[in-house]
Every structure is written in C-alpha cells, then in structure tokens.
Amino acid sequence: MENEKLYKIGELAKLADVSSRTIDYYTKLNLIEPEKRSDTNYRLYSDETLNRLKRIETMKNEKYTLEEIKANLQQWSKVSPDDTVRDKLTSIQLHLEQLMKEAKELGPIIQQLKPNQLKKLYRILTQPTAACIEALIVLLGKNPFS
C-alpha cells in the first residue's frame with residue numbers, strides 16, 4: 001500500500017473523465033472516500049477509488065439512481081473485499097438487468113409462438129440459463145453441491 005499511487009482530486013477527475021465537483025459530491029454521499037490526506041490537507045484517492053468511480057459512472061449511464069448505486073456498491077462490498085470480483089459482479093448485474101429488459105420486450109412475440117416453437121425455444125435457453133445460475137451460485141460461495 002505504501003507504494004500505491006495516490007491521486008489528488010483533479011488527477012482523479014481527469015482519469016475518470018468526471019468533474020472535480022462530481023468527485024466532491026460522491027465523497028459527500030459516501031459513494032467514494034479518500035484514502036488519506038496529504039501533509040497540506042489535500043484529499044488523496046487510490047486506484048481502488050478510481051475503479052469504484054468508473055463503476056459508479058457505468059451504473060449511472062445504465063440509468064441507476066445514486067441511491068441504487070450506493071446500495072449496490074454496499075452489497076458487493078459485503079460479498080467480497082476484492083475489487084476485481086466486485087467489478088465482475090457489477091458487470092454481471094448490469095448485463096442481467098439488460099437481459100431482463102430484453103426478455104420483457106420479447107414477451108409479446110413469445111406469446112404468438114406455436115407450441116412446437118415454444119418447446120424449441122425452451123430447449124435452447126434452459127441449459128445455458130441453468131449453467132449461468134450455477135456459476136453465480138458457485139461464485140457467491142453458495143455452492144449447493146459441496
């Protein structure tokens with residue numbers, strides 16, 4: 001940790017492609033926090049904060065509210081202290097929510113399918129869906145098979 005690069009607010013803003021005011025606002029909301037303060041009382045932020053800031057911006061672009069983002073970040077922090085795992089879980093969550101939106105849009109089309117078409121669709125989707133669910137269960141440490 002001693003050799004870790006720390007960024008002043010302006011440097012962090014530039015790297016994350018957000019304004020310094022945004023960083024101030026996120027800090028006030030406890031979405032991010034400085035790693036420490038410099039001898040001259042500047043807030044210093046770590047690479048972990050940069051990654052968290054990028055996750056926040058990704059979720060904002062996906063139309064999450066700041067309250068939802070805060071809740072999600074707290075939830076993933078409870079799952080794992082590892083930033084890479086939290087990044088991946090956030091990515092998976094965003095992807096799943098996009099799939100749910102698309103599935104809702106497909107609802108009316110699916111209702112018009114014939115029974116044999118529905119069976120074929122069911123066969124195509126069941127195995128990959130089950131595999132994804134099993135992978136998430138294992139990833140979250142809730143493996144029912146162990």
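Helices here are DSSP runs of H or I with at least four residues, numbered from the N terminus, and their axes are lines fitted to C-alpha atoms over the stretch in contact, with angles running from 0 to 180 degrees between N-to-C directions. The model is predicted, so local features need pLDDT of at least 70 and side-chain atom pairs count only at pLDDT 80 or more, while totals for chains, interfaces and linings use all residues. Residues are numbered from 1 along each chain as its sequence is written, and side-chain values use heavy atoms, leaving out hydrogens and water.

Let's begin with helix α1 (residues 9-16), which packs against α3 at about 45°, the two axes lying 10 Å apart. The pair is therefore oblique, the class for angles that are not under 35 degrees (roughly parallel), over 145 (roughly antiparallel) or 65 to 115 (roughly perpendicular). From α1, L12, L15 and A16 meet T49, L50, L53 and K54 of α3, where contact means heavy atoms within 4.5 Å.

Next comes helix α2 (residues 20-28), whose axis comes within 12 Å of that of α3 (residues 47-61) and crosses at roughly 95°. That makes α2 roughly perpendicular to α3. Here T22, I23 and Y26 in α2 meet L53, I56, E57 and K60 in α3.

Now look at α3 itself. Its 15 residues reach 21 Å from first C-alpha to last, close to the 21 Å expected at 1.5 Å a residue, taken as 1.5 Å times one less than the number of residues. Among its buried residues are L50, L53, I56 and E57; buried means under 20% relative accessible area with a 1.4 Å probe, protein chains only. After α3 comes K63, with a positive phi near 75°.

Methods. Helix = DSSP H or I, 4+ residues; strand = E, 2+ residues; numbered from the N terminus. Buried < 20%, exposed > 50% of the residue type's maximum accessible area, 1.4 Å probe, protein only.
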